[in-house]
Amino acid sequence: MGFRFRKSINLGNGFRVNLSKSGFGYSWGIPGYRNTITSKGRNRKTYSIPGTGLSFVEESGSRNRHSTNTYNSTNNSIRKTESGTLYDANDYSAMENIESSDIKKMQPVEYKKILNQITLRILLNKLTTLMLPIFLLYFVYEKNILFLIVSGCGLLFKIILHIFCKIKVFYDFEDDYEDSFREYVNAWKDLSKSHKIFQIPLKASIQNSKNMYGAKQALERIHLSIRFKAPWYLKTNINIPVLYFKKNTIILFPEKVLIIGKIKAGAINQKDVEFDFFENGFVESDFKPKDSEFIQYQWIHPNKNGGPDRRFKNNRQLPVYNYGFIDISSNNGLNQRIMVTNNKICMRLSEFYKDYKKAFSF
């Protein structure tokens with residue numbers, strides 16, 4: 001048997017991700033016991049007596065590491081000019097929510113340990129938050145000192161939780177991997193500087209396009225924040241894109257994507273996540289973007305030939321800009337759409353993403 005060398009990523013609290021040419025392997029455990037799932041899907045349990053060098057290995061056959069639950073998304077890429085804000089629901093049909101399914105479907109066994117740790121910290125943080133305002137009862141119920149003690153304990157526990165209870169996620173890259181990932185993250189940083197970034201939670205077909213700029217579809221838009229610092233419950237030695245959607249937070253780690261809900265956490269392997277980048281004309285009625293590519297002007301009420309419909313008073317023209325879109329999806333239910341005003345930066349990110357996937361063999 002020859003020598004074997006593996007680079008190991010220590011995720012703290014007994015959780016590790018092992019990188020090898022055959023793929024990703026995962027392990028977690030405590031002194032005396034470690035459970036490992038190899039890159040080929042074999043489950044290996046190692047029992048040992050610390051300090052003696054004695055150990056016993058029990059290995060079971062290949063198993064499917066991924067959830068078998070599937071999610072049939074009806075989310076198709078928009079390829080037509082779209083209107084901005086949804087006004088009256090009676091004007092629309094075939095409304096479709098663009099949102100992810102239950103996070104419980106996104107909990108593969110190799111990430112179960114770290115997901116449970118994240119969930120625990122989220123729940124404890126919510127509990128300590130509920131304890132803080134209890135001090136107000138001190139002034140209501142005869143100044144009972146117990147209320148101040150409970151509130152003070154909540155504040156103390158919250159401080160301890162945020163400072164000393166972070167989950168450590170440390171990465172050790174080979175040079176080519178590190179450069180590729182850094183360029184990919186920098187492309188996300190450029191994207192975050194776009195004039196406007198939106199989440200698209202809802203799209204709908206327009207029944208009478210003559211009343212809505214000639215558009216066939218309409219979108220609801222919500223501001224989306226992109227940051228590059230890990231949330232309070234994580235500590236890492238690399239910059240990572242963190243996308244703050246309305247109902248969940250998506251964290252883009254090198255080999256996995258974490259999906260964090262209000263009280264639940266899920267994870268998907270990067271190779272199982274699809275990023276679809278495209279650009280489309282968009283009739284903008286709310287603001288004037290500073291970094292968008294102007295296409296043309298569009299009448300609010302157009303004729304079939306594109307001219308103004310004279311039956312409508314105060315019929316005016318609105319600008320059409322070329323916006324960038326990103327669809328993030330997976331077979332087990334991840335489904336999000338992003339709109340950015342700077343289509344060129346969006347498509348540039350697409351190129352860096354392709355290089356990044358190629359470098360990591362996704």
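User: Which residues does Trp-188 touch, leaving out those up to four places away in sequence?

Analyst: This is a predicted model, where local features need pLDDT of at least 70, side-chain atom pairs count only at pLDDT 80 or more, and totals for chains, interfaces and linings use all residues. Numbering runs from 1 along each chain as its sequence is written, and side-chain values use heavy atoms, without hydrogens and water. A contact means heavy atoms within 4.5 Å. On that basis Trp-188 touches Ile-226, Phe-228, Pro-241, Leu-243, Leu-252, Phe-275, Ile-326 and Leu-349.

User: Which residues have the most contacts inside the largest nonpolar core?

Analyst: A nonpolar core is a set of buried Ala, Val, Leu, Ile, Met, Phe, Trp, Tyr and Cys residues joined through side-chain atoms within 4.5 Å. Buried means under 20% relative accessible area, with a 1.4 Å probe and protein chains only. The largest core has 54 residues. Those with the most contacts inside it are Ile-118, Trp-188, Leu-234, Phe-275 and Ile-326.

User: How far apart are the end C-alpha atoms of helix H1?

Analyst: H1 covers residues 112-131, 20 residues in total. The expected span is 1.5 Å times one less than the number of residues, so H1 should span 28 Å. The model agrees, with its end C-alpha atoms at 29 Å.

User: What percentage of the chain's 362 residues is buried?

Analyst: The count covers the chain, which has 4 helices. Buried residues include Ile-114 and Leu-115 of H1. The buried share of the 362 residues is 46%.

How values were computed. Helices (H or I, at least four residues) and strands (E, at least two) are DSSP runs, numbered from the N terminus. Buried means under 20% relative accessible area, exposed over 50%, partly exposed in between (1.4 Å probe, protein chains only).
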